[in-house]
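Here's a quick briefing to read alongside the structure.

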Amino acid sequence: MSVPIIAPSILSADFAKLGEEARAIETAGADWLHVDVMDGHFVPNITIGPMVVKALRPHVTIPIDVHLMIAPADPYLEAFREAGADRISLHPEAGPHLDRSVKQIHQLGAKAGVVLNPATSPETIEWILDEIDLILIMTVNPGFGGQSFIASQLRKIERVREMIDSSGRDIVLEVDGGVTPETAPLCLAAGATALVAGTAVFKDGPAGYAANIRALKGV
Ligand code: DX5
Ligand code: ZN
């Protein structure tokens with residue numbers, strides 16, 4: 001098993017010091033900065049928009065991994081890309097034309113990802129596998145940090161791993177929600193290659209970030 005990509009979720013950072021927090025997690029060894037965008041409509045919480053991504057961009061050199069939990073998503077793709085998003089992922093339930101959305105993300109010059117909610121079937125992405133760069137499996141219901149890992153999703157990670165392997169494409173398999181040093185090895189054994197973590201990275205304040213990231217990497 002190779003060392004996973006760790007993408008700390010800025011959702012669990014101190015929102016009064018976002019730039020400082022972003023710099024601290026890069027210094028601590030984060031590979032990507034995960035930004036959870038919520039609209040109070042697709043999910044029952046409101047977080048941040050493109051202006052905050054733009055404000056964060058100069059603070060880090062690592063890729064910004066934007067997870068859109070908004071509906072519709074299409075009208076905002078360009079704004080997030082212009083703000084500095086390197087990867088943009090969206091939920092199939094966010095709109096009627098997933099293929100069109102993915103093509104638009106590529107036209108904007110970003111990597112495109114599709115996010116599967118706990119009850120969403122992997123077959124949803126079967127006919128778009130040859131176009132996407134990332135699949136994000138939700139191991140909680142999206143909306144809040146600090147929730148418990150839904151273990152049934154491990155079988156879905158295995159299933160999506162098989163789909164990726166048989167496609168022959170280089171697609172990142174990312175897991176989001178309740179990822180801890182205990183659940184991370186289960187996700188990696190099931191075939192994940194990237195892990196999002198909010199609480200598990202930010203819980204002890206900046207002094208703990210490096211050790212927390214190392215614990216998730218298993219090194
Ligand atoms: C949930 C978000 C996650 C979440 C992860 O809607 O997509 O990124 O913040 O937080 P933890 O790691 O605390 O479960
Ligand atoms: Zn997320």
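Before we start on strands, a word on what counts as one: strands are DSSP runs of E with at least two residues, numbered from the N terminus. By that count, His34 lies in strand β2. Bear in mind throughout that this is a predicted model.

**The zinc site**

- Which residues hold the zinc ion (ligand 2)? The coordinating atoms come from His34 (NE2), Asp36 (OD), His67 (ND1) and Asp176 (OD), at 2.0 to 2.3 Å.
- Read along the chain, the donors of the zinc ion (ligand 2) are spaced as H-x1-D-x30-H-x108-D.
- The two histidines tie together distant parts of the chain, with His34 in strand β2 (residues 33-38) and His67 in strand β3 (residues 64-69), 33 residues apart.
- As for geometry, the zinc ion (ligand 2) has six donor atoms, and the angles among them run from 65 to 165°, making the site irregular.
- For reference, ideal angles for six octahedral donors are 90 or 180 degrees.
- Are the histidines buried or exposed? His34 is buried, because its relative accessible area is 0% and the cut-off for buried is under 20%. His67 is buried too, at 1%.

- Asp36 brings a side-chain N or O atom to 2.6 Å from an oxygen atom of ligand 1.
- Gly143 uses its backbone instead, with an N or O atom 2.8 Å from an oxygen atom of ligand 1.
- Gly178 also has a backbone N or O atom 2.8 Å from an oxygen atom of ligand 1.
- How much of ligand 1 does the protein bury? On its own, ligand 1 exposes 380 Å², and the protein buries 99% of that.

**The aromatic pair**

- You'll find one aromatic pair in the structure.
- It is made by Phe202 and Tyr209, whose ring centres sit 5.1 Å apart with their planes at 70°, so the pair is edge-to-face. The angle cut-off behind that label is over 60 degrees.
- Phe202 and Tyr209 are both buried.

**A cis proline**

- Going from Ala71 to Pro72, the peptide bond is cis, with omega near 0°.
- Where is Pro72? Look in the loop between β3 and α3 (77-83).

**Buried spots along the chain**

- Ala110 belongs to the loop between α4 (98-107) and β5 (111-116). Despite its loop position, Ala110 is buried, with a relative accessible area of 6%.
- From Ala110 to Gly84 you count 26 residues along the chain, while their C-alpha atoms are separated by 9.3 Å.
- Thr183 is another loop residue, placed between β7 (172-176) and α6 (184-190). Thr183 has a relative accessible area of 12%, so it counts as buried.
- In sequence, Thr183 and Leu216 are 33 residues apart; in space, their C-alpha atoms are 9.0 Å apart.
- Val175 is in strand β7 and is buried, with a relative accessible area of 0%.

**An exposed loop residue**

- Ile46 is in the loop between β2 and α2 (50-56).
- Why does Ile46 count as exposed? Its relative accessibility is 64%, and the cut-off for exposed is over 50%.
- Ile46 and Trp32 are 14 residues apart in sequence, with their C-alpha atoms 22 Å apart in space.

Definitions and conventions. Residues numbered from 1 in each chain as written. Chains lettered and ligands numbered in written order. Predicted model: local features only at pLDDT ≥ 70, side-chain atom pairs only at ≥ 80, totals over all residues. Heavy atoms only, no water. Phe/Tyr/Trp six-rings, centres within 6.5 Å; stacked < 30°, edge-to-face > 60°. Buried < 20%, exposed > 50% of the residue type's maximum accessible area, 1.4 Å probe, protein only. Donors = N, O, S within 2.8 Å, 3.2 Å for Na, K, Ca; no water. Tetrahedral: all angles 85-135°; square planar, octahedral: opposite > 155°, others 65-115°. Helix = DSSP H or I, 4+ residues; strand = E, 2+ residues; numbered from the N terminus. Polar contact = N/O pair within 3.5 Å; in protein donor to acceptor, adjacent residues only side chain to side chain. Areas by Shrake-Rupley, 256 points an atom, 1.4 Å probe, with all protein chains shown as cover.
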